[in-house]
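Colleague: I would like to go through the sheet and the ligand shell of this model. Please take it step by step.

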Amino acid sequence: MEYAQNILETIGNTPLVQINRITAELPCLVLAKYETFNPGNSVKDRMALRMVEDAEARGILKPGGTIVEGTSGNTGMGLALAAIIKGYRMICVISDKQSREKIDILRAVGCEVHVCPTDVAPEDPRSYYSTARRLSEEIPGAWYVNQYDNPANTLAHFESTGPEIWKQTDGKVTHFVVGVGTGGTISGVGTFLKSKNPDIKVWGVDTYGSVFKKYHETGIFDENEIYPYITEGIGEDILPENVNFEVIDGFTKVTDKDAAVYTRRLAKEEGMFLGNSAGAAIKGVLQLKEHFGPEDIVVVLFHDHGSRYVGKIFNDDWMREQGFLEPDQVAEK
Ligand code: PMP
């Protein structure tokens, strides 16, 4: 018999899938590391489990304890799966920018969800950073995960995602392109791939309204770069410790409209029903066109599943309200 002893054992070993139509204008092979095959439908299952195991090993999460995290949904789902199997209480603190589906999904897997305003500074007591920290201090036996600064986040990708990409491409990968939020994915995968072959180029995809690209290029944390944006999962108004800028060769910024339009194109043209940051990532790959040659093998990582965005990106009314709907993008004519 061949079976997993619990759902956590099914995390990782996701497929690598060729992208065909959307990238037809590029000279190179483009392969997607397709992370929705994880049980929580996102790459975040990997780091969630790794961070829980690390906290257990260090004795800061004890049997019957409470896990508290500020999460845009995917990390919460990964942590919830670990909490269910391992017997912890799970509290997610989420910003009101996140889709309704994400909140409902977290509640479905037993999380207590606190919703906080987006348009306040991180140090404001109402922000989700501050609320998560406060709850973890108030609740006895609580552990604040802090995916932004927790090194086990990056480690998960150094130990699993990176080696999988290296093995699946037979060591032939030349470029890695990925959206950056906490930075765990790009830093862990990037560090692993460069340890195998320092010539591999690592590109981050950023949003307009986020500080990463400017900081990487100038070393300046420019508050003028910060303003509200729509794309979910990538870009930040802080510099998380998990973003290792040294391993990143450059950033490209993708607009909210392009991220949304390309998320819909992935579904319609490739049969890849994915989240908002996947559209940003594939548009980022297209924007980097001049960096790729015919011999190159570009791996782009797709973080999460389209089901979490049916009320937004895949909803024509929502797209129209944002001014994002192209005539060829209407779902129902
Ligand atoms: N896309 C989505 C949908 C995410 O939830 C996240 C995590 N915030 C990212 C991209 C960015 O990944 P990372 O935090 O590892 O940089």
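Modeller: Strands here are DSSP runs of at least two residues, numbered from the N terminus. Keep in mind that this is a predicted model.

Colleague: In which strand is Arg 89 found?

Modeller: The strand in question covers residues 89-95. Arg 89 is part of that run, which is strand E4.

Colleague: Is Arg 89 buried, partly exposed or exposed?

Modeller: A buried residue needs 20 or more other C-beta atoms within 10 Å of its own, and an exposed one has 12 or fewer. Arg 89 has 16 such neighbours inside 10 Å, so Arg 89 counts as partly exposed.

Colleague: How far apart in space are Arg 89 and Gly 64?

Modeller: In sequence, 25 residues separate Arg 89 and Gly 64. From C-alpha to C-alpha, the distance between Arg 89 and Gly 64 is 7.2 Å.

Colleague: How many bridges pair E3 with E4?

Modeller: E3 and E4 run in the parallel sense. One of the residue pairs is Gly 70 with Val 93 in E4. The number of bridges between E3 and E4 is five.

Colleague: Which residue in E6 is the bridge partner of Val 68?

Modeller: Strand E3 (residues 66-70) is joined to E6 by three bridges, and the two run parallel. Thr 66 stands opposite Ala 142 in E6. For Val 68, the bridge partner in E6 is Tyr 144.

Colleague: Why is E3 largely enclosed by the rest of the structure?

Modeller: The cut-off for a buried residue is 20 or more other C-beta atoms within 10 Å. E3 has five residues and is largely enclosed because the number of them that are buried is four.

Colleague: Which helix gives the largest share of the shell around the ligand?

Modeller: There are 17 residues around the ligand, and among those that come nearest are Gly 181, Thr 185 and Ser 277. By class, the shell holds 12 polar, three nonpolar and two charged residues. The largest share, three residues, comes from residues 184-196, helix H6.

Conventions. Residues numbered from 1 in each chain as written. Predicted model: local features only at pLDDT ≥ 70, side-chain atom pairs only at ≥ 80, totals over all residues. Pairing = 2+ DSSP bridges. Near = placed C-beta within 6 Å. Nonpolar A, V, L, I, M, F, W, Y, C, P; charged D, E, K, R; others polar.
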